[in-house]
Every structure is written in C-alpha cells, then in structure tokens.
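Subject: Structure handover and notes

Dear colleague,

Please find the structure below, followed by notes on what was found in it. I would be glad if you could read the notes with the structure open beside them.

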Amino acid sequence: LEEVEVAGWDRPGYLAAGARVPRRVTAAALLSPFDPLVWYRPRALRMFGFHYRISIYTPAAKREHGYYVLPVLVDDELVGRADLKSDRRSGRLLLQHAHVEPGHAGRADELAARVAPLLHEAAAWQGLGEVAPTGVGTWGPALAARL
C-alpha cells in the first residue's frame with residue numbers, strides 16, 4: 001500500500017501500490033448492506049458523506065428510509081437508497097421507499113434513468129415480472145416515471 005493524500009480528508013488514505021486511478025468511473029449498482037463499499041459504516045461516512053444503517057431492528061415508526069435499505073451507487077457516488085421487497089404472490093418487486101441523497105436532488109430524473117434498469121434487472125433475477133413503486137420517498141416520483 002501507498003499512503004496518499006485525499007482532498008477534504010484530515011488523515012491519509014491508502015492505495016494499492018502501482019494502482020492506476022481512472023479518469024472517470026462509469027457504473028451503477030444496487031449495493032447490499034454487506035458490500036465492502038458500505039459495510040464499514042465510518043468509511044462510507046468519511047468517503048461519501050453517506051450515513052447508513054439498515055433498519056431491520058428499528059421499529060417501523062422510527063425508520064427513516066425503510067426496512068432493508070440498499071445504497072444506490074451511480075458512477076463514483078452514493079446517490080440514494082432503495083427499500084425493495086419481493087412480492088412473489090403478485091410477481092412484483094415492490095419499491096417501498098426510494099430516497100435520493102440531498103446533494104443529488106437536482107439530478108433525481110437523470111439518476112432515475114440510470115437506476116430504473118437496475119430495478120428491472122433485480123426483479124428479473126428473482127423471477128419477478130415487474131417493478132411496482134408502492135411507497136414514499138424523495139426519489140419515488142422520478143423512479144416511478146421511469147418504471
């Protein structure tokens with residue numbers, strides 16, 4: 001590992017020796033709560049300003065973003081959160097809550113265009129026929145329009 005300086009950090013970061021830093025990252029993914037990018041919560045907060053907790057042990061009335069919240073990665077930023085539930089009886093993937101992070105609210109429509117295909121892909125690999133927005137959240141209307 002090499003010690004590196006990261007703009008905005010008050011301590012050093014580390015990079016694999018000889019690693020190349022790409023000029024641009026192009027990616028989109030729904031992340032599991034156990035994804036290496038977010039499982040160590042202090043790092044997600046430090047690197048992305050992303051305060052993250054799954055809420056499976058939080059009483060429903062106190063949940064901010066849903067029950068089993070998946071962080072949403074677009075390019076090199078964590079831009080939102082989605083709470084999904086498989087409803088096998090109806091054959092639908094329920095989008096119970098969708099939240100775009102405050103710093104990305106002005107990009108909600110653009111980001112929804114990138115994330116809607118991920119939701120359809122998640123439904124398909126679970127053998128579900130459609131994605132149904134059923135809940136609330138700051139990102140709900142933009143995603144519903146794309147689904």
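**The sheet and one buried glutamate**

G80 stands opposite V100 in β6, strands here being DSSP runs of E with at least two residues, and helices runs of H or I with at least four, both numbered from the N terminus. This is a predicted model, in which local features need pLDDT of at least 70 and side-chain atom pairs count only at pLDDT 80 or more, while totals for chains, interfaces and linings use all residues. Residues are numbered from 1 along each chain as its sequence is written, and side-chain values use heavy atoms, with hydrogens and water left out.

Strand β5 (residues 77–87) and strand β6 (residues 92–100) run antiparallel and are joined by eight bridges; two strands are taken to pair if DSSP finds at least two bridges between them. Both strands belong to an open sheet of five, in the order β3-β4-β5-β6-β7, with mixed pairing. Because β3 (28–30) and β7 (130–136) stand at the edges with a single partner strand each, one side of each is left without a neighbour in the sheet. On average, neighbouring strands of this sheet are turned by 30 degrees against each other, direction ignored, where axes are lines fitted to C-alpha atoms (for helices over the stretch in contact) and angles run from 0 to 180 degrees between N-to-C directions.

In the loop between β6 and α2 (108–125) one finds E101, which is buried, with a relative accessible area of 10%; buried means under 20%, exposed over 50%, and partly exposed in between, with a 1.4 Å probe and protein chains only. The side chain of E101 makes a polar contact with that of R81 at 2.6 Å, such a contact being a pair of N or O atoms within 3.5 Å of which, within protein, one must be able to donate a hydrogen and the other to accept it, and residues adjacent in sequence count only if both atoms are side-chain atoms. Leaving aside residues up to four places away in sequence, E101 touches F50, L78, V79, G80 and R81, contact meaning heavy atoms within 4.5 Å.

As for strand β4 (residues 69–74), six of its six residues are buried, with V69, P71 and L73 on one side and L70, V72 and V74 on the other. Three bridges join β4 to β3 in an antiparallel arrangement, and L30 has V72 as its bridge partner. Six bridges join β4 to β5, again antiparallel, and L73 stands opposite L78 in β5. The hairpin of β4 and β5 has two residues between the strands, and D75 takes a positive phi near 55 degrees there.

Best regards
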